[in-house]
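Q: I am new to this structure, so please walk me through it in a friendly way. Start with a close look at one single spot, and then show me the surroundings.

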Amino acid sequence: MIRAVNIKKSFDGVEVLKGISTIFEKGKTNLIIGRSGAGKTVFLKLLVTLMQPTEGEIWYGDVNVTNLNKRQLIDLRKDIGMLFQGSALFDSLTVEENIRFPLDMFTRKTKKEKQERVDEMIEVVNLEGSNDKYPGEISGGMQKRVGIARSIVLNPKYLFCDEPNSGLDPKTSLVIDELIQTITRENQITTIINTHDMNSVMEIGEKINLLHMGKLAWVGNKDEVVENENELLQNFIFASPFLQRLRKQALGK
Amino acid sequence: MILSFFYNLGRFVNLFRLMLSKPERVSMYWKETVRQMNDIGIGSLMIIGLIALFIGAVAAMQFAYQLGNTFVPMYYTGYVVRDMTIMELAPTITCLVLAGKVGSNIAAELGGMRQNEQIDALEIMGVNTASYLIAPKLVAALVVIPLLVAISAFVSIIGGFLAVVPTGMITESEYVLGLRLFFVPYTVFMMFVKSIVFAFIVAALPAYQGYYVKGGSIELGKASTNAVVYCDIAILLADYIIALMMT
Amino acid sequence: MILSFFYHLGRFISLLRLMISKPENWSMYWKETVRQMNDMGVGSLIIVCLISLFIGAVSAVQIAFQLSEQIVPMYYTGYIVRDMTIIEMAPTLTCLVLAGKVGSSIAAELGGMRQKEQIDALEIMGVNTAAYLVFPKIFAALFIVPLLVAIAAFVAIIGGYLAVVPTGMITATEYVTGLRAFFVPYNINIMFVKGVVFGFTLTAIPAYQGYYVEGGSLELGQANMNAVVFSNIAILFCDFIITLMMT
Ligand SMILES: Nc1ncnc2c1ncn2[C@@H]1O[C@H](COP(=O)(O)OP(=O)(O)OP(=O)(O)O)[C@@H](O)[C@H]1O
Ligand SMILES: [Mg+2]
């Protein structure tokens, strides 16, 4: 479980986040949604300790992570996995080497144990046969899957995903979403996903946080989305006239 | 490798043939040329002055040091510094540094324009991009770089003075005596020949690298690095050929 | 400008301080260092040999030309070429060119990693990126660059021979006599000190430029250029300081 308490963040005196308090639950896929420029990426970077908030606190379980020193941060990060928007795979390493990298760097496993773990991961993300390809040689969706495999290879307790679906077609998006949800449930991870993809919202929105202009505008889950009358939420999710018509039909109006 | 050398050479020559054409609008070309002169000249002045000071200082100190072990009189320092900076150090080192600054800039600019499809956009409008994008840079370099080299030679000689005279390695009158000794105006001519040739290299090779860049940002970075390295090699090769032909 | 200089200097030093820490895993660091040594050494060998051939040739031709009008005996050509290449030309010119090649590719590599969030990805894993990404490069350069410089000096002396002896400007015996005249082994020390210092300069400055790059491909190009230009200035500045202290 991760808790944000009254988080504020300013850049050069401009307040981008204006006091956000929310809870991200364990074993669930928690979403952060909102329009472009709402502050999603900044919020995620704060949560993941790549940035420090101007004000407020972030708690991982019962540890306050806002003012950790370098040593403590490194220890904390052993429990964190992150999937980046552009996958952030290392160009000079193959798929297999990318996934093995955290094992090489941080564990004292034997070669065989590492290989077993890598093979297991490759199976989880359905990438059999691509072991020796380089990131430049596989599609964007496959890169995302390698990124997921790499981020969970050390069994993290917390998983962060920055726009896992951007640049993917709806079908591939769904595969990635389901993969993240399965991993989250099976390993009881606290997963936080940053997205503006409405399909994801409706598919894996077990807890949804809507950001608007640096504030939390709505919190709920996917089952409440259609019926809720919050205007900001409706404008965001059902943005086009077509979707608004569909919603009205669904509500039987 | 040999084949690819000739392929590139052919394309390079071809690019320059494309470039030589009547400008669509002379005033547009003129404006761009002035902008480039400003970028290359004013933009590099500080750096050139700074490194010239160091070059002169090092040359003078090292010669004074080397002469200390021989029978040659100390005032030779001034003489050697003058000739060495004018003939060799000022043109070569200045242009090696300019290859890193101006050259990599030209490659990155043209390469970026190619990748953002800006060059295609200009082509569609009917602009002769080879000439509009490259000719002003080339002309600007041919005018401005020889000037920068001359400034560099001058500043180097001052740098040499500042390094050895106040520190008491040799006296002021010795240094000045050396500066006036055996002066051959031909060496200044050589300096200008070198700098014009180097200026061409510094503008043309990177322009070629950038203009024909393909692929993504990795290739762009490679093109920019290659531009600098090829310029460096070409400058030193040309340096040798000129030294051979003119001395 | 002064303020921004101190800002960068401060951040540069703090990057170097961050870099010094116990590696998470020695074998990974070692592997990376070996890879860097290989990239730098093997990747630059041909270029270094090529340019030092020219450097030696130019020096010899020009000195022979200058001496021909002097009271100084011709065999001095060999002597001056030897000392000039060992003390000055080989370390400085080689490293200026290496700044263009090795330096710019370091800046491009780290800058690309920063922009594609690969550095963040490593940070999140708990890797000390300043150490893992920067240290092996600097460490490799401290060994490889002096080696390349020594090779360059050697090749330059051969280049000088090839330029003036077969062309009949001076005889083989004269050149060799010159090479053996007034030899001061201390000059070799100067060369190695320069090699080590320049090796540090031409990796650390580009690493800094790349590591802290922000924005898009335009900024990356800018960082790349700054990496080369600032390393060049720093090399010439260090050249001056070393000459001041060691001669
Ligand atoms: N490092 C920074 N310095 C200054 N301002 C920043 C910085 N990072 C973000 N901002 C500002 O914070 C605001 C929120 O940016 P953020 O990247 O979080 O948006 P976002 O919700 O992720 O948008 P998108 O969906 O387009 O990714 C923007 O106005 C942006 O200009
Ligand atoms: Mg974002």
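**A buried glutamine, then sheets and cysteines**

A: Gln36(B) is buried, with a relative accessible area of 4%. Here, buried means under 20% relative accessible area, exposed means over 50%, and partly exposed lies in between, using a 1.4 Å probe and protein chains only. This is a predicted model, in which local features need pLDDT of at least 70 and side-chain atom pairs count only at pLDDT 80 or more, while totals for chains, interfaces and linings use all residues. Residues are numbered from 1 along each chain as its sequence is written, chains are lettered from A and ligands numbered from 1 in the order in which they are written, and side-chain values use heavy atoms, with hydrogens and water left out.

Back to our glutamine: Gln36(B) belongs to helix H2 of chain B, residues 26-67. Helices (H or I, at least four residues) and strands (E, at least two) are DSSP runs, numbered from the N terminus. Leaving aside residues up to four places away in sequence, Gln36(B) touches Gly41(B), Pro136(B), Lys137(B) and Ala140(B); contact means heavy atoms within 4.5 Å.

Now let's move to chain A and its sheets. In one of them, 6 strands make an open sheet with mixed pairing, in the order S6-S7-S8-S3-S9-S10. Two strands pair if DSSP finds at least two bridges between them. At the edges of this sheet stand S6 (80-83) and S10 (215-220) of chain A, and each has a single partner strand, so one side of each is left without a neighbour in the sheet. Inside the order, S3 (residues 29-34) and S8 (residues 190-195) of chain A run parallel and are joined by 5 bridges. There, Thr29(A) stands opposite Thr191(A) in S8(A).

Chain A also has an open sheet of 4 strands, ordered S2-S1-S4-S5, with antiparallel pairing. Its edges are S2 (14-24) and S5 (63-64) of chain A, each with a single partner strand, so one side of each lacks a neighbour in the sheet. Strand S1 (residues 2-11) of chain A pairs with S2(A) in the antiparallel sense over 8 bridges, and Lys8(A) faces Lys18(A) in S2(A).

Finally, the cysteines. A search of the whole structure finds 0 disulfides over all chains, a disulfide being a pair of cysteine sulfur atoms within 2.5 Å. In chain C, the sulfur of Cys49(C) is 14 Å from the closest cysteine sulfur, in Cys95(C), too far for a bond. Cys49(C) is partly exposed, at 24% relative accessible area. For Cys238(C), the closest cysteine sulfur is in Cys95(C), 10 Å away, and that is too far for a bond. Cys238(C) is buried, with a relative accessible area of 18%.
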